[in-house]
Amino acid sequence: MTRTLERIEFGETTAESSDDDLEEPSKMMTSITPFVLAFNNLTYNVNTSEEVTLSSMFRRKNTTGMSTFSNKKVLLNDISGEAREGEILAILGPSGSGKTTLIDALASRISKKSLKGSVKMNGENLEPGVLKMISAYVMQDDLLYPMLTVEETLMFSAEFRLPHTLSKSEKLARVQAVIDELGLRDAAKTIIGDEGHRGISGGERRRVSIGVDIIHDPILLFLDEPTSGLDSSCAFMVVKVLQRIARTGRIVIMSVHQPSSRLVGLLDQLIFLSHGETVYNGPSTNLSLFLSDFGHPIPENDERTEFMLDLYRELEGVPGGRKCIVEFNKSWQKLQSHPSYSSENFNLSLKEAVSARISRRKLIYNDANDTGPTVTVSNFANPFWSEMIVLMKRSLTNSKRKPSAILHQICAVVVVSSIMASLFWNLEKTEVGVQQRVGFFAFIVTTIFFGSTEVLAVFVQDRYIFMRETAYNAYRRSSFILYRSIIVIPRVLILSILLASITFWSIGLYGGSPSFLFYFSVIFVSMWAGDSFVSLVSGLVSQVILGYIVAVPSIGIFLLFSGFFISRDHIPTYWIWFHYISVVKYPYQAMLLNEFDNPNLCLLDDPNKSCMLTGVDIVRKQGITDLSKWICLWIILALGIFYGILFYLSLLFGSRNKRK
C-alpha cells in the first residue's frame, strides 16, 4: 500500500541529562545518502543611498554624465563552500564581515532576484517549501515567554510543529527526548524568567531557543551567533550540544564572532569572512597549515583563530592586504584534495533521500491511492482551529503566572473611575449639568483609548515571537490575528464592567437599566477597538517607545476631530473626512445620544413648568443628528475589525524574514 508522507516525528535520541557531564557524541551510522549543502559563487549587493549634506545640496551637478543617487555595497562576493551531514560549519569574522548575510543566503532569507549564485542540496536546487520543512533558523535573540517552564515551552512548540494526528503522549515523548538531547533535564520544570522573575541561565535559555526550532527534526539547522552574550563556559556547552545535534545526522551551520580555543575544537569546517569575501575555507585542523603556507606561522602559545582574526584585520588596514590573503586562499584551496560531491555521487534524489531519512525516524503516514513514495510538503502541521487553541492555551498559561499585569489594570480602572465618580457626583438637571455631562463623556472615551496603550509593550514582544515562529510555518498569520482579537475579550469585559458600574449610577446618568446596558456596550466595544488599534501600531513599529510616539498623538488627533472641541458643522470641509474616520467620534456620539436623545427628557423648566430645554435640543446643539446610537455602536465594532485586518496586512507584508 502506498503511503504519502505528511509530517516528521523525531526518533528517540539519547543524551546525558547533566550539563556537567556531556560526553563526546559518537558519529552516527553512515546513511545511504548523506546530505550535503553546496553553495557556489554567492554574491549579494545592496543599494546605499547617497548621504545628503548641506554642501551636496548646493554643489554643482555633474554635467558630464548621468548622476547617480545610490551606490552598490557588496555584502557577499563570490562565496563558495560545502556543509555536510554530521558536521558543524562555522562562519567566523568580525562585525560587518558578512556572517549573518551568508547565513541568510543559505537559509533562503534573501530574495532570489538579489542573490546571485546557487545553493543546492545533494546536487538539486532547494524548493522553498522543502527547505522550510527540513530546516530551522535560530535567531540571535532568545524570544521566549518568560513565565513558561522549559518543558512547557518545548511542548507548545511540539503542538505547533508536529501534526495533530500525533497523540499528546507521543508529543510529550518527543519533548522529553529533546530535553535530554539539549542537556536540560535539571531545568525542565523551571520557568524561562525575565528581569523581574528568576529563571534559567543564559546558556540554558539559548539551548531552549534551539530546542524550540529543532522539535520537528530538521535536517538543516541555521544559527545566528548562538554563543553571543554568553560566557566561555556557557558558550562551550551550547556548541557541545550543537555538536551532538550534528552527529545525529544533521547539518549545522552557525556564525561565531570570537570563539575560544576550546570552542574551535568542536567545529569541523571553518569559513573566515572579511568584508564579504572568503579569507579561509576548510577544516579547522588545516588552519595552522594555511597560515604557515601564507608566511605567517602561528607563534607558540597563540590561539589559532584569534591569531587568524588579528592577522587579516591588520591586513584590512594595509592597501591590497585583504586582496592578497583572499587570492592566496583561492590558490591554496585548489592545491588541496577534497572529495567530490557532484550530483553523480548521490544514488537517491533529494526527495527520496528526505523520505528515506524520515522513514528511518518513525514517520507518520497516511494512506493514498497514488503509487510510489512521494514527499508531500505541508505548509502547516495543524489545521486552523488547532493553532488558535494552542495559541490561546499558551497565552493563558503565561498570563496566569503573572497576575500583576491584570491586577494593575483593574486597580487603575477602579481608581480612575472612582475619581470621575466623585468629581461628577450626581450631576444636576441644569444647563451647567449638561455641559458637565458632555465633558464627562469626552473624558471617559479619551481615557478608554489612552488606557489601551499600556499593553503596547506586550504586543510588541508578541510580534517578535510571532515573526520567529511564523518564519518557518509554525502557524498561520490569520490564526494569530484571530487569537489576539479573542484573547483580549475576558480582560476587556472585566474592565468594562468595573468602569461602567462605578460611573453610571454615581454620576446619575439618565435612562435606567436599558441605558446602562448600552453605556456598558459602548465602553466594552470601544476598549476592544482600542486594543485592535494598539495591535495595529505594534505591527507597524519595532520599538515600544516608537509605538507610544505613534499611538498617543494619533488618539489625541482623533479626539480633536471627534466633535467635542469643535462641532461637525464647524469643521472645515477639507478636514471633514478626518472627523468620520476618528475612532473617538463614534463612542462619544453614542454616549451623548444614549443620554440625551429623548424628547421626553426635560433639562430646564420655566416658571410656568413648561420645558425650555429638552434632550433633543442638546442633540441638535451638539450637531450629532447624522447617526443613531446603534449605528455608532456598530461602526465602533466595524472599526475594531478594520484595524484587525490592517494589523494582519502589516504582519503579512511587514514581518517577512527576507531581505530584498
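On a 1 Å grid over the protein atoms alone, a cavity is a set of points where a 1.4 Å probe fits but cannot get out, while a pocket is an open set with protein on both sides within 12 Å along at least five of seven lines; a lining residue has an atom within 4 Å of a point. Grid points are joined across faces, edges and corners, and a volume is the space filled by probe spheres set on the points.

The model here is predicted, so local features need pLDDT of at least 70 and side-chain atom pairs count only at pLDDT 80 or more, while totals for chains, interfaces and linings use all residues. Residues are numbered from 1 along each chain as its sequence is written, and side-chain values use heavy atoms, with hydrogens and water left out.

The structure holds 4 cavities of 30 Å³ or more, and the largest cavity has a volume of about 100 Å³. Among the residues lining it are Phe459, Arg484, Trp528, Asp531 and Phe647. Helices H17, H19 and H24 (629-654) each give two or more residues to this lining; helices are DSSP runs of H or I with at least four residues, numbered from the N terminus. The largest share, 4 residues, comes from H19.

Now follow H19 to a neighbour. The axes of H19 (residues 512-540) and H22 (residues 585-596) come within 10 Å and cross at roughly 175°; axes are lines fitted to C-alpha atoms over the stretch in contact, and angles run from 0 to 180 degrees between N-to-C directions. The two helices are therefore roughly antiparallel to each other, a term for angles over 145 degrees. On the H19 side, the contact (heavy atoms within 4.5 Å) includes Phe518, Tyr519 and Val522, and on the H22 side it includes Pro587 and Met591. By class, this contact has 7 nonpolar, 3 polar and no charged residues. Here Ala, Val, Leu, Ile, Met, Phe, Trp, Tyr, Cys and Pro count as nonpolar, Asp, Glu, Lys and Arg as charged, and the others, Gly among them, as polar.

Finally, turn to the open spaces. The largest pocket holds about 920 Å³ of space. Of its 29 lining residues, the closest to its centre are Ser399, Ala405, Ile406, Val458 and Arg491. The lining divides into 15 nonpolar, 6 polar and 8 charged residues.

Notes
Parallel < 35°, antiparallel > 145°, perpendicular 65-115°, else oblique.
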